[in-house]
Amino acid sequence: MTQSLIKRETVWRSGVVIGFVLLIEFLCRVGVIPVEVMIAPSAMASHAIEVLRDGRFAHDIVTSLVNIVAASVAAVLLGFALGLAIHAMPGVRRALEPMIVSYYAVPTFIFYPVFIVLFGVGSLPIIAIAVMLAVVTMITATLTGLDRIPRSLSKTAKVMRLSPWQSALRVKLPAALPYLFSGVKLSVAYAFIGVIASEFILSGSGVGYAIGYAYNNFQNDDMYALMLMVLVTVTLINVVLNRLDARFQARRQR
């Protein structure tokens, strides 16, 4: 994909987003969308700045970010390790693949009582749910990446008499990295979903809890300001990860 085509797609994508925001702004300002239903995007942004300035939700924001980072790192590392192990055992892989394919049909939130018993009340059960939600995408990406490693590299590792872990870190990981990063992107996205969604119903702190509290108490300005912060944060992280992914994909195509 040429640079000009990428820039053109970026311009179109940005134009669609800006146009949608301006449309919502107009509909809110003229009263088509009542203020009881939604406040204007400009009001959301200004209130979000006020919220960040006065620090009312600083603890909730930090709690959510720490949980998301912990869940993302755990899901990526665990998914890569499990992917390596499953790839090394073809018989086990054949037995597990049907369960991996249908994994997301299982509602992970039903395991929260079990995690409460294991980890107690707090952040750990929420992180565990987010890891469960994210880890399979990393396993799948790891299997896909390892399947596409040239056989010559595996033979080289054997000739050099590398241990399984040395082979994984020095040969397989660098060769599969462009494919693995797609799993990293999805793992981060699922970790966001798992943490924020869990905080809505299972926590007494965090951004998800704060949004739910504001909704229940008809505090629309706080609710929409927090929602905007989540959307902006996710978008920025996604942009950074997409840029990195584009570099890895370009490296793969060389």
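This is a predicted model: local features need pLDDT of at least 70, side-chain atom pairs count only at pLDDT 80 or more; totals for chains, interfaces and linings use all residues.
Visitor: How are residues numbered, and which pLDDT limits apply?
Guide: Residues count from 1 along each chain as its sequence is written, and side-chain values use heavy atoms, with hydrogens and water left out. Totals for chains, interfaces and linings use all residues, whereas local features need pLDDT of at least 70 and side-chain atom pairs count only at pLDDT 80 or more.

Visitor: Is Pro125 buried or exposed?
Guide: Pro125 lies in helix 6 (residues 123-147); helices are DSSP runs of H or I with at least four residues, numbered from the N terminus. Buried means under 20% relative accessible area, exposed over 50% and partly exposed in between, with a 1.4 Å probe and protein chains only. The relative accessible area of Pro125 is 0%, so Pro125 is buried.

Visitor: Which residues does Pro125 touch, not counting residues up to four places away in sequence?
Guide: Contact means heavy atoms within 4.5 Å. With residues up to four places away in sequence not counted, Pro125 touches Tyr112, Phe115, Ile116, Phe119 and Gly120.

Visitor: Are helix 5 and helix 6 parallel or oblique to each other?
Guide: Axes are lines fitted to C-alpha atoms, for helices over the stretch in contact, and angles run from 0 to 180 degrees between N-to-C directions. The axes of helix 5 (residues 112-119) and helix 6 come within 9 Å and cross at roughly 130°. Angles under 35 degrees count as roughly parallel, over 145 as roughly antiparallel, 65 to 115 as roughly perpendicular and the rest as oblique. Helix 5 and helix 6 are therefore oblique.

Visitor: Which residues of helix 6 meet helix 5?
Guide: The helix 5 side consists of Tyr112, Phe115, Ile116 and Phe119. In helix 6 they meet Leu124, Pro125, Ala128, Ile129 and Met132.

Visitor: Is Asn67 buried or exposed?
Guide: Asn67 is found in helix 3 (residues 58-88). Leaving aside neighbours within four places in sequence, Asn67 is in contact with Ser123, Ile126, Ile127, Val195 and Glu199. Its relative accessibility is 3%, so Asn67 counts as buried.

Visitor: Where is Phe218, and is this residue buried or exposed?
Guide: Phe218 is in the loop between helix 9 (207-216) and helix 10 (220-253). Phe218 has a positive phi of about 60° although it is not a glycine. Its relative accessibility is 75%, so Phe218 counts as exposed.

Note on methods:
Helices (H or I, at least four residues) and strands (E, at least two) are DSSP runs, numbered from the N terminus.
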